[in-house]
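Here is a briefing on a ligand site and on pockets. Start with the ligand contacts, then move to the pockets.

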Amino acid sequence: MSQTIEQQTARPLTTLSEEEEMFRASVREFAMGELRPRVEEMDEQGKLDPALVRQCFELGLMGIETPEEYGGAGGSFFTAIIAVEELSRVDPSVGVFVDVQNTLVNNALLRWGTDEQKRRYLSQLASSRVGAYALSEAGSGSDAFALATRALERGDHFLLNGRKLWITNGNEAEIFIVFANAKPEEGYRGITAFIVEKGFEGFSVGKKENKLGIRASSTTELILEDCRVPKENVLGEVGKGYKVSIETLNEGRIGIGAQMIGIARGALQSALAYTAEREQFGKTVNEFQGVQFQLAEMATELEAARLMVYNAARLKDAHLPFVKEAAMAKLTSSRAAEAIASRAIELYGGYGFVKDYPVEKFWRDSKIGAIYEGTSNMQLQTIAKLLISGKRPFVV
Ligand SMILES: Cc1cc2nc3c(=O)[nH]c(=O)nc-3n(C[C@H](O)[C@H](O)[C@H](O)COP(=O)(O)OP(=O)(O)OC[C@H]3O[C@@H](n4cnc5c(N)ncnc54)[C@H](O)[C@@H]3O)c2cc1C
């Protein structure tokens, strides 16, 4: 049987299938039509428009990988990455809103949930309820397993006590994956993941952070005071929470990479348009070779980051090892986003420094890429560990 050209040659990383292309077009249409007009106001007010949250559900963006039997879109991890990239090109706050739901919350449930948990929670998360992922605390960030939240076993339930900090989607979420230690004497082997509903006794949402960037994305404290969680809401096994967190964050990191390349694209696109219009010395500024070279550098950095993010996502979908590639992709893409947005500000001159134009926001929004889901130093640590462990020899 003769093969099509696509079958004969390996598909380039940036060439999307027809289905992926259609999905990208629909997210782009939503981002440009519904999101774009609201970006500045949401940034100013530090709040997502509830109408947009509803639309994200209606468009199927909140359960991209969730199987159709639970009301999801049954897509691949790569399609979730496309959604985060496209949304972040317009507003990285909405990008991370969708990212956390898909790559952390749904992902953890898909991988670790019992049939009953999947039936109950994945369907709600695909249709109407926002999720959040609560690992960090005031005293434990990079050293996440030093968490101080405790879970006491009490017959048919656990009582959770502690405070979580920096929780994305904290204001909108109704379903939280919360990590607490049920056996502190066993160290990290006591860490356990729980599915906590907003309405559970003893659970409340605390202070909301006033941030430099991704301001419309809510970042809150969570307060657990004798929070009563039924035993059937343990996600995975008691004492296996460390595995749940490592494995979900390994994947989630690729989503942050997608957010970062979205930012970089938004900034580069703005810079290309502006430099084609702005005139100095009787010419548009993009006629100066100095400016052209800067645009070329930006495009090249973006392309490199994008290939790394796409490759990590494709590796994950292919069930191949991807942890090192995901860490490299997040590290590179967060650096690229910050550098490209910074250069875009300079190419706008004074106009880049004011809020009437989009590039100062892209720069503010880029900074978080080097911090959450593992700081850049922690990505370097992961890459170095895998390089020298000899588990997967690195061919140089
Ligand atoms: C806007 C925002 C949203 C967030 N969303 C969430 C969320 O939804 N859920 C959640 O659980 N968490 C969330 N976080 C928390 C985030 O993951 C942590 O802030 C991050 O992991 C860093 O932890 P830290 O802030 O405690 O910094 P620290 O761990 O105190 O790090 C301080 C500095 O020390 C460096 N450092 C620490 N240890 C080492 C080491 N061993 N080697 C070299 N350098 C080291 C770090 O790289 C960093 O530069 C969010 C944070 C922010 C700001």
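An oxygen atom of the ligand lies 2.7 Å from an N or O atom in the side chain of Thr375. This is a polar contact, meaning a pair of N or O atoms within 3.5 Å; within protein, one must be able to donate a hydrogen and the other to accept it, and residues adjacent in sequence count only if both atoms are side-chain atoms. The model is predicted: local features need pLDDT of at least 70, side-chain atom pairs count only at pLDDT 80 or more, and totals for chains, interfaces and linings use all residues. Residues are numbered from 1 along each chain as its sequence is written, and side-chain values use heavy atoms, without hydrogens and water.

**Ligand contacts**
- Ser142 places a polar side-chain atom 2.6 Å from an oxygen atom of the ligand.
- Ser136 has a polar side-chain atom 2.7 Å from a nitrogen atom of the ligand.
- The protein covers 64% of the 970 Å² of accessible area that the ligand has on its own (Shrake-Rupley method, 1.4 Å probe).

**Ligand shell**
- The ligand is surrounded by 19 residues (a heavy atom within 4 Å).
- The closest are Ser136, Ser142, Trp166, Thr168 and Thr375.
- By class, the shell has 9 nonpolar, 8 polar and 2 charged residues; Gly counts as polar.

**Largest pocket**
- The ligand takes up the space of the largest pocket (more than half of its atoms lie within 2 Å of the grid points).
- A pocket is an open set of points on a 1 Å grid over the protein atoms alone, where a 1.4 Å probe fits, with protein on both sides within 12 Å along at least five of seven lines; lining residues have an atom within 4 Å of a point.
- Its space is about 1500 Å³, a volume filled by probe spheres set on the points.
- Of its 47 lining residues, Leu249, Arg253, Glu373, Gly374 and Thr375 lie nearest the centre.
- α12 gives the most to this lining, with 6 residues (helices are DSSP runs of H or I, at least four residues; strands are runs of E, at least two).
- α6 (92-112), β3, α8 (241-277), α10 (323-347) and α12 each supply at least two residues.
- The lining divides into 22 nonpolar, 14 polar and 11 charged residues.

**Second largest pocket**
- About 300 Å³ of space lies in the second largest pocket.
- Its lining has 18 residues, with Arg36, Glu40, Val90, Pro358 and Phe362 closest to the centre.
- This lining divides into 6 nonpolar, 3 polar and 9 charged residues.
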